[in-house]
2 protein chains.
Amino acid sequence: MQLYDELLERLKDIDLISQLGSLLGWDQEVLMPPEAASSRAEQLAWISKERHTRKTDPRMGEILEELEGMDGLDDIAEANVRLARDAYDKATRLPTDFVSEIAKHNSKSLISWTEAREKNDFSIFRDDLAKSIDYARRKADYLGYEDLRYDALLDIYESGLTVSRLDPLFKGLREEVAPLIKSVAERGERPDMSWISNNSWDEEGQEKLSQKVSEAIGFNFQAGRRDASTHPFCGGPNPDDVRWTTRYSESDPFGSLYGSMHETGHGTYEQGRPRDLDFQPAGNANGLGIHESQSRLWENQIGRSLEFCEWVLPLWKEQFPENMEDVDAVQLWKAVNVVEPSLIRVDADEATYNIHIMIRYEIEKLLISGDLEVDDLPDKWDDMYEEYLGVRPTDRSTGVLQDIHWSMGAIGYFPTYTLGNLYSAQLLLAAREDLPEHDSNIRNGEFAPLLGWMRERVHRRGSIMEPADLIIEATGTPPSPEAFVDYLRNKVERLYGI
Amino acid sequence: MQLYDELLERLKDIDLISQLGSLLGWDQEVLMPPEAASSRAEQLAWISKERHTRKTDPRMGEILEELEGMDGLDDIAEANVRLARDAYDKATRLPTDFVSEIAKHNSKSLISWTEAREKNDFSIFRDDLAKSIDYARRKADYLGYEDLRYDALLDIYESGLTVSRLDPLFKGLREEVAPLIKSVAERGERPDMSWISNNSWDEEGQEKLSQKVSEAIGFNFQAGRRDASTHPFCGGPNPDDVRWTTRYSESDPFGSLYGSMHETGHGTYEQGRPRDLDFQPAGNANGLGIHESQSRLWENQIGRSLEFCEWVLPLWKEQFPENMEDVDAVQLWKAVNVVEPSLIRVDADEATYNIHIMIRYEIEKLLISGDLEVDDLPDKWDDMYEEYLGVRPTDRSTGVLQDIHWSMGAIGYFPTYTLGNLYSAQLLLAAREDLPEHDSNIRNGEFAPLLGWMRERVHRRGSIMEPADLIIEATGTPPSPEAFVDYLRNKVERLYGI
């Protein structure tokens, strides 16, 4: 298997370059001195160039062709060949000039979006967005697709994802969740939140709380770090060195804790990757949807459960004895589970969140197919918010201009957020069957059984299978909205008696 | 000049790889999670391999040969060709197998040295050291030399340095400084240090003091950082991103401040490099001796002057009002200038420091020439300490095993420390001629004139000339011990009335 060894050696080279890129990216967000920005851009451009050269090396194409014609490859080897082929095709099908043209456009577009959002004026961003949509279409044409152009874009972020797979998921969500939200809104109940807003929450206490919860979940701080950054993320070069960040606000203590649990979910996934497959694509985390399932699991399914609130309450009281003096677990649980339609995706609760995503998904489909003109986009956005969430933006900044994604050319990305939510519910449902003591485990702060289950069924499986097949293997059912809808319905019932 | 442009492009590639290596090195020392050690080693090995491949590319040899035969290159181009040739020769003359053999040996040797030092038993390190000396000799033979093998080793750390240049410097030091130290020792006076040892010095106060002094000197924290690490150093990828570290001890507040001033000196040198020569060897800092001159300048020549102590005293009092209540500038000045022969190099004062180096230099010469056997080394070491410093180690850990350098194969490195001390005195002497207000500037905390002088005469000159020529250009005199000896004599006179 000399040829396969050569493939692995080349893939290792590419992986090491990516590791350097991850470290540079982390450093840039967390602690790089401000004047280093342009020299960092130069270093990152060098990394991109080196990686691209290796990914598109004609020898890589020859090796893959030969290996694809061979019998007797095992599962792992099959996966590595499949994933290397996918990366090779994606890298070689896009002309180099086209890629650098897009990169330049995106830099420009990010600036016009920032200005448009600041000035609350869509027209500033309009032309760049129109161009981005055109680029996305051309990109889809270069990459190829069977059914719809938009499928080619979805596949960039979640391998094998198509509109024909996604439509039923969003349909199920829309039909079941929208009425649920409406019924909550109609009741007009809101838990007492004055104990949060009337107090100040010092950063040190939030840091300690974040740290303790992340440790309890099972994040290994000997092989990772916690830091602060403006935009929380999980990065770092490899499973020995996983670095996540959170941010602190003295008026809102939930952002840092739930952000930490979210990134801890991503981080434990990275730390749980199969180490015998280091430097191999088959050993990587499996796409954005599965990754988001791990973050959402700990942030929402676990973090916003009553059992977790019961366990974590003493930790809150330890850090904030005065603020928390009269707060009990049920109050805490209600405060972190307010269901309330709102305009901003990143502030949305777990019930309404997927409706925000659904709206973006439907709009992206229309934009790529040409059934929606850019000039009609802002009003269409507002109409859909009114239709599905019952709230209407009063300006563009809290409407169509709120998200950074389109300014970066990331069209087809949003749906992976919802996939993560659906997968997390399916995975927890399956895990519960194997872990009958689950609820009392959480109540006792025993997170190892659940993390162990995820390690075995998800983390250790790397990217050996396509994401949808991994969900089938781990849960026995294909991707579906049912588990999530049941979970939500049950929660709303317990919270509001609906 | 298509050929020269190709050279620059190749040199830029090499420089960018080195930048990544610097960042990885900084991260490793400052904040990397412990379990990442072996994966970091793999990343660094990749960096080394990529850099080596580019440095030894046969095309590089062709380009250099052609350019060396050309007329009409300007100073900068001449320097780039000369420095690229030096790097090419050094990289290609050592066989790849030999280099990796040494790397492996050094890893092993570092372990045996660590154990030997811990157990205070030279015999544990003996064989590995003997092998390192043998490797050093073979390395010298591969690299080539005119006069002495040891010259080839010196040249690795300071281009153009030879025994015939160094011997007179050390002779001057030995003859002048040794009697000075003796006369101080005979007086047996020691300033009152109880105000230091009787107090505790909190880390936060030391941090603030370090930061304020470094800012006052002119280190740009928008293009750099201060952090803590076990072994203080100055690193970072490029002049936009210079990162230095210090360490804190609650029982000794001087280590952090003087360490900070030392690294600030290195850091301002890096920040002052000629930016029109980015990515070019001619734009790099000029060897270890000149680099050390900048650190020693701020740490010793400025930092241990009475004028500086007068300026900095209020800052000390601001951070440590109780500890410093009864301390005046003269007391502070005396406390940071205790001249006292001791066994440990890194703890030595500025008068005795160079005697420590001279002993190592003389011993290295003897070891490489074969005039001293490894088995006779420990006693030889102790004898020389007794002869030149009047103190005799009572064990090996505080004797021959104290320094890490030989365990890393760094033979020929020590003399650059003394060069730094001599250069710093020469540079300050020359700067004083242009800056008649120097002493009062320092007393007023106006460091910009001196930093400006160094920027113009040293920093902005990059590596356009050989280090010794840079000293001649900047000071009007070749490297010499006189300025340093005069400075020391003057200081001892003021301190002790000798």
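The expected span of a helix is 1.5 Å times one less than its number of residues. This rule was applied to helix 16 of chain A in the predicted model. Helix 16 covers residues 377–389, and its 13 residues should therefore span 18 Å. The C-alpha atoms at its ends lie 18 Å apart, in agreement with that value.

Helix 16 of chain A has a buried side. Leu377(A), Trp381(A), Tyr385(A), Tyr388(A) and Leu389(A) are buried. These residues cover an arc of only 90° around the axis, so they sit on the same side of helix 16 of chain A. The buried residues pack against two other helices of chain A: helix 8 (163–187) and helix 15 (353–369). The face turned away from the buried side carries exposed residues, namely Asp379(A), Glu386(A) and Glu387(A). Gly390(A) follows helix 16 of chain A, and the phi of Gly390(A) is positive, near 75°.

Chain B contains an open sheet. Its 3 strands run in the order 1-3-2, with mixed pairing. Strand 1 (224–228) and strand 2 (234–238) of chain B stand at the edges. Each has a single partner strand, so one side of each is left without a neighbour in the sheet. Neighbouring strands of this sheet are turned by 20° against each other on average, direction ignored. Strand 1 of chain B pairs with strand 3 (residues 241–246) of chain B in the parallel sense, over 5 bridges. Ala228(B) has Thr246(B), in strand 3 of chain B, as its bridge partner.

Notes. Residues numbered from 1 in each chain as written. Chains lettered and ligands numbered in written order. Predicted model: local features only at pLDDT ≥ 70, side-chain atom pairs only at ≥ 80, totals over all residues. Helix = DSSP H or I, 4+ residues; strand = E, 2+ residues; numbered from the N terminus. Buried ≥ 20, exposed ≤ 12 C-beta atoms within 10 Å, placed from the backbone. Arc of directions from axis to C-beta. Contact = placed C-beta atoms within 7 Å. Pairing = 2+ DSSP bridges. Axes fitted to C-alpha atoms, helices over the stretch in contact; angles between N-to-C directions.
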